[in-house]
Amino acid sequence: MKPPYDPDLELRGNLIRSLGALREMLPGSFVERKRSCGRPTCHCADGKSLHSQYQISVLIDGKPKALNVPARLVEEVRHKIEMRHRFDAAAETICSVNLKRFLQEKKEERSA
Ligand SMILES: [Zn+2]
């Protein structure tokens, strides 16, 4: 017998299957900083046309670190950090589906 259709289980299954695509995720947040390089002849010396510097802001062994991201990796790193947010959102949804099922199961047990 096929179990009855349950939209929560379908959602949970879809989320679980989508997680594999997020395996390259990176922790932390993506930060853009503006800075001057200090060369007096550079365009940034006016204090307005500053250079962009990209960093991953992340906790390593409980300590906050800012890791520089080379320009060629900026898009890739931004994308991989975004994956982590999608992973967390999926985990949260899966947990709330399971919690709902747990509460439902308890209720059914009591009324049986
Ligand atoms: Zn400069």
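Visitor: What percentage of the 112 residues in the protein chain do buried residues make up?

Guide: First, a note on the source: this is a predicted model, in which local features need pLDDT of at least 70 and side-chain atom pairs count only at pLDDT 80 or more, while totals for chains, interfaces and linings use all residues. Residues are numbered from 1 along each chain as its sequence is written. A residue is buried if 20 or more other C-beta atoms, placed from the backbone, lie within 10 Å of its own, exposed if 12 or fewer, and partly exposed in between. By that rule, 2% of the 112 residues in the protein chain are buried.

Visitor: Which pattern does the protein chain follow along the sequence?

Guide: Helices (H or I, at least four residues) and strands (E, at least two) are DSSP runs, numbered from the N terminus. The protein chain has 2 helices and 3 strands, in the order α-β-β-β-α. Its radius of gyration, taken over C-alpha atoms, is 23 Å, well over the 13 Å that the globule rule (2.2 Å times the number of residues to the power 0.38) gives for 112 residues, so the chain is more spread out than a compact globule. Along the principal axes, the C-alpha trace spans about 80 × 25 × 25 Å.

Visitor: At roughly what angle do the axes of helix 1 and helix 2 cross?

Guide: Two packed helices are described by the angle between their axes and the distance between the axes. Here the axes are lines fitted to C-alpha atoms over the stretch in contact, and angles run from 0 to 180 degrees between N-to-C directions. Helix 1 (residues 7–18) and helix 2 (residues 74–111) have axes that come within 10 Å and cross at roughly 150°. That makes helix 1 roughly antiparallel to helix 2 (angles over 145 degrees).

Visitor: Which residues make the contact?

Guide: Two residues are in contact if their C-beta atoms, placed from the backbone, lie within 7 Å. Helix 1 contributes Asp-8, Leu-11, Arg-12, Leu-15, Ile-16 and Ser-18, and helix 2 contributes Ala-90, Thr-93, Ile-94, Val-97 and Lys-100.

Visitor: Where does Glu-24 lie, and which residues does Glu-24 touch?

Guide: Glu-24 lies in the loop between helix 1 and strand 1 (29–35). It counts as exposed because it has 10 C-beta neighbours inside 10 Å. Not counting residues up to four places away in sequence, Glu-24 touches Lys-80 and Met-83. Glu-24 and Met-83 are 59 residues apart along the chain, yet their C-alpha atoms are separated by 7.7 Å.

Visitor: What is phi of Asp-61 near?

Guide: Phi of Asp-61 is near 50°, a positive value in a residue other than glycine. Asp-61 lies in the loop between strand 2 (51–60) and strand 3 (63–69). With 5 C-beta neighbours inside 10 Å, Asp-61 counts as exposed.

Note on methods
Parallel < 35°, antiparallel > 145°, perpendicular 65-115°, else oblique.
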